[in-house]
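These are my notebook entries on a structure that I went through by element and by residue.

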Amino acid sequence: MRVSVALCISHCARRQVDFRCGATSVSSTGMEVQGVLTFLGLVWVARWVLHIMVDIVAALRKFVWARLSKDNLPIKYGGKWAVVTGCTDGIGKEYARQLAERGMNILLIARNKDKLNNVKQIIREESLGVETEIVQVDFSHGRVIYQEIARHVEGKNIGILVNNVGMAFSPPKNFVEASEDEVWGHVNVNVASVVAMTQLVLPGMLARGRGAIINVASIGSSCTIPYLGIYSATKAFVDFFSESLSWELRGSGITVQTLRPGAVITNMSNFTEVHRKPSFLVATTKTYVTSALATLGHSGRTTGYWPHGFQVFLMDEIFNRRLCTHMFGWRFRALLKAEQKRVAEEQAKKK
Ligand SMILES: NC(=O)c1ccc[n+]([C@@H]2O[C@H](COP(=O)([O-])OP(=O)(O)OC[C@H]3O[C@@H](n4cnc5c(N)ncnc54)[C@H](OP(=O)(O)O)[C@@H]3O)[C@@H](O)[C@H]2O)c1
């Protein structure tokens, strides 16, 4: 976009357009216009090049430099405990495992008791000496669950909070087909949990003057995603809330990180074939979290994984938001139609 504006300005300058009479001529006014437009074009190009260079330096810092050393997390963030919401699968489970490997005790929060016990067992085997505690709650129930969580948080030095729990239509579908439970589920799970969990742990962190809050948004907060509209809107909320909180907490010793993953192979994303096996843009949870965790303390707002960073660069700088919306819309509409066809064929076979 920016490049095309710059090229357009330079092109106009070369043509020496005389705007007064609408004709192409070599006049003194034309020369002046040429000078101004050339200058503006150069400013645009310089700005764009500078912007890219700053991005490259920032990427090297968070994706290369940050991985060269590993911080002692309990000391750096002033608490031995980490809280991970939605920890029984996908990205949350991997965060719980890797934080435990780095010496953190883990408060495991999710809704399924068996799966919680399974993660607890895995951590016990992989990370000797690390304590775990389970909180079985369903975030879709909203406000009522936080008293129970507060009971478990009380008395613990929470160094890190990972606001990871999230839900999405899987596969994507029309908003008009969403049930009331699904609508409120998105709000309670994706939005309310982030704010309410932050409100629970932040006072303790502020009192100690240290701590880290990782808010898992999505690359989808960069543009609107038809058929996952509530999801992308809730992730935009997380993105905005997290960034403004980060600003408010400057100088407090508390790190607030906004994480915006692209595709990671999990239950949530497996509705399409391309998300089921690793590729340049599709990461396994292990690859993703290893990279994302290394960026903590080095980047306040990041995709957490450099190929996803490259994807955001394309979305923000080369395409624009409107085009991305169309691209997602067309892709998911095709997916939806294929799914409807498959269901219809299956039903026809049964008859
Ligand atoms: N995967 C991606 O490509 C991707 C991309 C961008 C952003 N993200 C974000 O990353 C985060 C994790 O996603 P994921 O892909 O790892 O998802 P996932 O594999 O579906 O795991 C979600 C976790 O949250 C738990 N959970 C879901 N609903 C819950 C509820 N109502 N109450 C309590 N726990 C609940 C799940 O428990 P159960 O096992 O009981 O369901 C599971 O442990 C989400 O915030 C998501 O938006 C993911």
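The entries below run from the model and its overall layout to single residues.

**Basis.** I worked on a predicted model, in which local features need pLDDT of at least 70, side-chain atom pairs count only at pLDDT 80 or more, and totals for chains, interfaces and linings use all residues. I numbered residues from 1 along each chain as its sequence is written.

**Overall layout.** I counted 11 helices and seven strands in the chain; helices (H or I, at least four residues) and strands (E, at least two) are DSSP runs, numbered from the N terminus. The C-alpha atoms fill a box of roughly 80 × 65 × 35 Å along the principal axes. Of the 351 residues, 35% are buried. For this I took a residue as buried if 20 or more other C-beta atoms lie within 10 Å of its own, as exposed if 12 or fewer do, and as partly exposed in between, with C-beta atoms placed from the backbone. I then looked at contacts (C-beta atoms, placed from the backbone, within 7 Å). Among those with a separation of 6 or more, 72% join residues 24 or more positions apart.

**Domains.** The domain assignment, with bounds from an automatic or database source, gives domain 1 (2–63) and domain 2 (70–327). Their C-alpha centres lie 41 Å apart. Six residues of domain 1 contact nine residues of domain 2. On the domain 1 side, helix α2 (residues 28–63) supplies the largest share, five residues. By class, that side has two nonpolar, no polar and four charged residues. Here Ala, Val, Leu, Ile, Met, Phe, Trp, Tyr, Cys and Pro count as nonpolar, Asp, Glu, Lys and Arg as charged, and the others, Gly among them, as polar.

**Sheet.** I traced an open sheet of seven strands in the order β3-β2-β1-β4-β5-β6-β7, with parallel pairing; two strands pair if DSSP finds at least two bridges between them. Strands β3 (132–136) and β7 (301–302) are the edges, each pairing on one side only. Strand β4 (residues 158–163) pairs with β5 (residues 211–216) in the parallel sense over four bridges, and Leu161 has Ile213 of β5 as its bridge partner. Helix α4 (residues 90–101) packs on this sheet, touching β1 (81–85), β2 (105–110), β4 and β5, and its direction makes about 170° with that of β1. I took axes as lines fitted to C-alpha atoms, for helices over the stretch in contact, with angles from 0 to 180 degrees between N-to-C directions. Helix α8 (residues 229–248) lies across β5, β6 (254–259) and β7, at about 160° to β6.

**Strand β6.** Six bridges join β5 to β6 in parallel, and Ile214 has Gln257 of β6 as its bridge partner. Six of the six residues of β6 are buried, so the strand is largely enclosed by the rest of the structure. Ile254, Val256 and Thr258 point one way, and Thr255, Gln257 and Leu259 the other way.

**Helix α9.** How many of the 10 residues of helix α9 (residues 285–294) are buried? Seven are, so the helix is largely enclosed by the rest of the structure. They are Thr285, Tyr288, Val289, Ser291, Ala292, Leu293 and Ala294. Their cover includes α2, α4 and β6.

**Ligand shell.** I found 28 residues around the ligand, the closest being Gly86, Gly90, Gly166, Thr266 and Met268; a residue is included if its C-beta atom, placed from the backbone, lies within 6 Å of the molecule. Helix α4 gives the largest share of this shell, three residues. By class, the shell has 12 nonpolar, 12 polar and four charged residues.

**Backbone checks.** Most residues other than glycine have a negative phi, and most peptide bonds are trans. Tyr227, in the loop between β5 and α8, has a positive phi of about 75° although it is not a glycine. Tyr227 counts as buried because it has 20 C-beta neighbours inside 10 Å. A cis peptide bond joins Ser170 and Pro171, with omega about 10°; Pro171 lies in the loop between β4 and α7 (180–208).

**Gly129.** Is Gly129 buried or exposed? Gly129 counts as exposed, with 8 C-beta neighbours inside 10 Å. I placed Gly129 in the loop between α5 (113–126) and β3. Gly129 and Ser222 are 93 residues apart in sequence and 41 Å apart in space, C-alpha to C-alpha.

Definitions and conventions
Contact = placed C-beta atoms within 7 Å.
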